[in-house]
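This briefing sets out selected features of the structure shown below.

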Amino acid sequence: ARDSENCSEEHEEDSDGEEEEEDNVADVATTKFILQCPFTGALKWKEDLQQKATEAFLRQQEAVPNLRKLVYGSDDSENEDEELGGLFRVSRLQTSNKFEANALDCSHFKPDISHCWDSEEMLNSIRDCFVTGKWDDNQ
Amino acid sequence: MASHGLVYDGCNSFRQRLVLSTLSGKRVKIKGIRSRDDDPGLRDFEASFIRLMDKVTNGSRIEINQTGTVLFYQPGLLCGGSVEHDCNTQRSIGYYLEALLMLAPFMKAPLKATLRGVTNDPLDPTVDLLKTTALPLMKKFGVDGERFDLKVRMGLGMAPGGGGEVVFSCPVRGTIRPVQLTEPGKIKRIRGVAYSVRVSPQMANRLVESARSVLNQFLPDIYIHTDHMKGANSGKSPGFGLILVAETVDGFSLGAEMSSTPQGQGEPMLPEDLGRNCAKLLLEEVYRGGCVDSSNQSLALLLMTLGQQDVSKVLLGPLSPYTIKFLRHIRDFFQIMFKMEVQKPSEDDRIGGDKVLMTCVGVGYTNINKTLK
């Protein structure tokens, strides 16, 4: 609690300038020490939080349609001889794979049921696929 | 490991594995085929498919264990020529044809396959759909000629009885042409076939009416042919269905189809519902877009892989689960990985969903079976 008190005091004092009473100077010195000390780093991670979050979000957005990873997977997952504690071996790697192993061999792509083709909005979304739709200038 | 070539678990993507094994010459072993099932091992339709593979190749070695849960396949040379096959009626002829389409250009002699069985069922692409979508696609890759044809000879055979006969003939090619199919173009017309077999001919008309009611909001140029079969050339079972194909100005076609539930299996369907649902399925296919429809994606990707050593590009809609499995198998058998770029249409473009541009360099596959003249 004392630390946070010091922080607020320090801001006021910075704006007010250097002409302060003697007894306050010691307090200011300690807060400055906490803020600048490289070893504690207690408040360092709070810097530019918003900017960091934005960057992380954008990075993730770019990664989502990474089809190559979705299709081919990463090579690390193919490590089959993994032993646990040098004694046990993972006998069943993924239960979902077992389930899919004998799936039906059929080339049909079942339609996404979330698309409702009765709504005007959905119909409008493909209008320009037809010759009756809008044409580009170069076509 | 080495003596068995590639090893897989389970019978999913059964056709992909055998087809790619035959084309690449790599042995394949499939184990654990329904090993935990009450009725373990290969099904009759898979056995029938293996027999068909044996007929079109020369010198293949096929070993199946006693319970049918392990299959070892060492491919021979694709010989082609005249082949007759009675397809098992558990799956329709489309199941067998999809594999034959992939193999046919690489035979020693031009293939002329006569297949008998079920021509139309709800599960696999029908013969008419393959004729109107897969054949034009293969023509883009340079597989073309007078004798490139797929036709229903003896009338339709609906599931479950079957009784149809189909003739597929395909010329051989030494190499496959690399392609750049990046602009699908706009859809100029919609064609279709409504068929009714051993039911009232009025069914086909009802199908056409309901499908048109949905599609006429977009295009005036819609023509749906009605086909009524009765008597000797109508197979053994009744049924009806609809095939719709949207053709673009640049000569690409996107297809959708629906077929009535086979007699004695599940709820019967009203032709009005079926027609409307099929039309919506076609709109879904248009929404996905690209130059190739969802059921032919793997055929296009295979021909890209086997092309000459040059860059091929094809614009596809979202990849179907079947296609994703196919891409993984292409990596296993041919060591080719595709470059995939997502293309998001801009806000004011009303051209459906995200597209994927697939790019690869072909392996420079040459047809070693083809005799030089």
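A residue counts as buried when its relative accessible area is under 20%, and as exposed when that value is over 50%. The model discussed here is predicted. By the cut-off for burial, Thr57(B) is classed as buried, because its relative accessibility is 6%.

**Surroundings of Thr57(B)**

- Thr57(B) belongs to strand 3 of chain B, which covers residues 57–58.
- Its side chain forms a polar contact of 2.6 Å with the side chain of Ser60(B).
- A polar atom of the Thr57(B) side chain also lies 2.8 Å from the backbone oxygen of Met53(B).
- Beyond its neighbours within four places in sequence, Thr57(B) touches Thr22(B), Tyr73(B), Leu77(B), Leu78(B) and Cys79(B).

**Helix 2 and helix 3 of chain B**

- Helix 2 (residues 44–56) of chain B packs against helix 3 (residues 93–103) of chain B, with an angle of about 30° and axes 11 Å apart.
- Because angles under 35 degrees count as roughly parallel, helix 2 of chain B is described as roughly parallel to helix 3 of chain B.
- The crossing of helix 2 of chain B with helix 3 of chain B is right-handed.
- On the helix 2 side of chain B, the residues in contact are Phe45(B), Glu46(B), Ser48(B), Phe49(B), Leu52(B), Met53(B) and Val56(B).
- Their counterparts in helix 3 of chain B are Tyr95(B), Tyr96(B), Ala99(B), Leu100(B) and Leu103(B).

**Helix 4 and helix 7 of chain B**

- The axes of helix 4 (residues 127–140) of chain B and helix 7 (residues 297–305) of chain B are 10 Å apart, and the packing angle is about 15°.
- With that angle, helix 4 of chain B is roughly parallel to helix 7 of chain B.
- The two helices of chain B pass each other in a right-handed crossing.
- Ala134(B), Leu137(B) and Met138(B) of helix 4 of chain B meet Leu299(B), Ala300(B) and Leu303(B) of helix 7 of chain B.

**Confidence in chain A**

- The mean pLDDT of chain A is 68, and 46% of its residues score at least 70.
- Among the elements of chain A, the lowest mean pLDDT, 45, belongs to helix 1 (residues 2–16), and the highest, 89, to helix 6 (residues 120–124).
- Over residues 1–20 of chain A the pLDDT stays under 50, and the model has 15 contacts beyond four places in sequence for this stretch.

Note on methods: Residues numbered from 1 in each chain as written. Chains lettered and ligands numbered in written order. Predicted model: local features only at pLDDT ≥ 70, side-chain atom pairs only at ≥ 80, totals over all residues. Heavy atoms only, no water. Helix = DSSP H or I, 4+ residues; strand = E, 2+ residues; numbered from the N terminus. Buried < 20%, exposed > 50% of the residue type's maximum accessible area, 1.4 Å probe, protein only. Polar contact = N/O pair within 3.5 Å; in protein donor to acceptor, adjacent residues only side chain to side chain. Contact = heavy atoms within 4.5 Å. pLDDT = per-residue confidence, 0-100. Axes fitted to C-alpha atoms, helices over the stretch in contact; angles between N-to-C directions. Parallel < 35°, antiparallel > 145°, perpendicular 65-115°, else oblique. Left-handed = near helix turned anticlockwise from the far one by under 90°.
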